[in-house]
Amino acid sequence: MSEWLVLSIAMASACAVVLTIAVLNNRRIADDDDPSQTPDVIEYMTMMIGVVYAIVLGLAIAGVWEGRSAAQESVRLEAQALHEVRERSSVYPVEVRDRIRADVDAYVAHVVDEEWRVMAEQGTLTERGTELLARVRAGVTDYEPRTEHEGQAYQPLVDQVAAADDARSSRGENAGETMPGVVWFGLIIGALVTVGLIFTLQIRRTFRELLLAGLFSALIAFLLFLIWSFDSPFGRGVTATAAPFLDLFPDAVR
């Protein structure tokens, strides 16, 4: 099911539930009821709870967006480190250089074609990707430099492989959902409480009041959907992309 369809259903459902309750509740109010008699303490409590929940929503959105940004940065660092390995290996003999570059290209092709799909569906890395990166490491570390120039390039190449491995580990840590279940529990309960409190203000069946109630509930549904969408950086919504690999290794990815 499309994320946009999920969003539309969630927002429409929230509006429908709130408006239905508002209309049914209005039928139970006597004709002589005066909505201006709402106690001031209720208005104050409603305002404060709304402010507190808005802060919580803002922090949650900032947290999942930061996680998504960290996931994208790990992809960029990994691709850049592998690109450096591929380019700096040019100082080695032809057969060694070609073997290292072939191993790097095989790893990149696997990440883009296979591992990306596994991260989106299962939230984990693949064993095959680990094996291919180990082959890249072995190709770099097993070669014994024969000239001073090769010796100067050896340690930077080893460091770049280590940087790629570290970035890969970070990518794996960010592959799954980042928001704990207890936080989701608090967000959903907070949404129900916040929306429920608007009924303490005695909403009438005027177009203006019903419109505002519907828009308020739809906004809460949209913000919760936004958090859910960003919560899995590689799985749904505005996801981290493999663009750094595609840009730096256009020939390795078909």
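User: Why is Ala-164 called buried?

Analyst: In this predicted model, Ala-164 has a relative accessibility of 1%. Buried means under 20%, so Ala-164 counts as buried.

User: Where is Ala-164 found, and which residues does Ala-164 touch?

Analyst: Ala-164 is found in helix α5. Leaving aside residues up to four places away in sequence, Ala-164 touches Glu-78, Ala-81 and Leu-82. The C-alpha atoms of Ala-164 and Gln-80 are 8.1 Å apart in space, although the two residues are 84 apart in sequence.

User: How do you know that the length of α3 agrees with that of a helix of 29 residues?

Analyst: Helix α3 covers residues 94–122, and at 1.5 Å a residue its 29 residues should span 42 Å. The expected span is 1.5 Å times one less than the number of residues. The end C-alpha atoms of α3 are 39 Å apart, which agrees.

User: Where does α3 bend, and what follows α3?

Analyst: The bend is at Val-111 and comes to about 45 degrees. Gly-123 follows α3 and has a positive phi, near 70 degrees.

User: How many aromatic pairs are there?

Analyst: The count is 4 aromatic pairs. One of them is formed by Trp-116 and Phe-234.

User: What makes the pair of Trp-116 and Phe-234 edge-to-face?

Analyst: The ring centres of Trp-116 and Phe-234 are 5.2 Å apart, and the planes are at 85 degrees. Centres within 6.5 Å make a pair, and planes over 60 degrees apart make it edge-to-face.

User: What does the pair of Trp-116 and Phe-234 tie together?

Analyst: Trp-116 lies in helix α3, whereas Phe-234 lies in the loop between α7 (207–230) and α8 (243–248), so the pair ties together parts that are 118 residues apart in sequence.

User: Are Trp-116 and Phe-234 buried or exposed?

Analyst: Trp-116 has a relative accessible area of 13%, and Phe-234 has 3% relative accessibility. The limit for buried is under 20%, so Trp-116 is buried and Phe-234 is buried.

User: Why is the pair of Phe-225 and Trp-228 called tilted?

Analyst: The ring centres of Phe-225 and Trp-228 are 5.6 Å apart and the planes are at 40 degrees. Planes under 30 degrees apart count as stacked and those over 60 as edge-to-face, with the rest tilted; the pair of Phe-225 and Trp-228 is therefore tilted. Both residues lie in helix α7, 3 residues apart, about one turn of the helix.

User: What is the accessibility of Phe-225 and of Trp-228?

Analyst: Phe-225 is at 10% relative accessibility and counts as buried. Trp-228 is at 30% and counts as partly exposed, because partly exposed runs between the 20% limit for buried and the 50% limit for exposed.

User: Which residues touch the most other members of the largest nonpolar core?

Analyst: Leu-82, Val-104, Val-108, Trp-116, Phe-234 and Phe-245 do, in a core of 31 residues. Two or more residues each come from α2 (40–88), α3, α4 (127–141) and α5 (148–173). The largest share, 9 residues, is from α3.

User: Which residues does a second core include?

Analyst: The second core is separate and has 18 residues, among them Leu-187, Ala-191, Ile-198 and Phe-230.

User: Where does UniProt place the feature "transmembrane region"?

Analyst: The unreviewed UniProt entry places it at residues 6–24, 44–65, 182–203 and 210–230. In the model, residues 44–65 are 100% helix, with end C-alpha atoms 32 Å apart. Residues 210–230 are 100% helix, with end C-alpha atoms 30 Å apart.

Terms used. Residues numbered from 1 in each chain as written. Predicted model: local features only at pLDDT ≥ 70, side-chain atom pairs only at ≥ 80, totals over all residues. Heavy atoms only, no water. UniProt positions renumbered as here; feature names shortened; annotations may be inferred. Helix = DSSP H or I, 4+ residues; strand = E, 2+ residues; numbered from the N terminus. Bend = angle between axes of the 7 residues up to and from the residue. Phe/Tyr/Trp six-rings, centres within 6.5 Å; stacked < 30°, edge-to-face > 60°. Buried < 20%, exposed > 50% of the residue type's maximum accessible area, 1.4 Å probe, protein only. Core = buried A, V, L, I, M, F, W, Y, C linked by side-chain atoms within 4.5 Å. Contact = heavy atoms within 4.5 Å.
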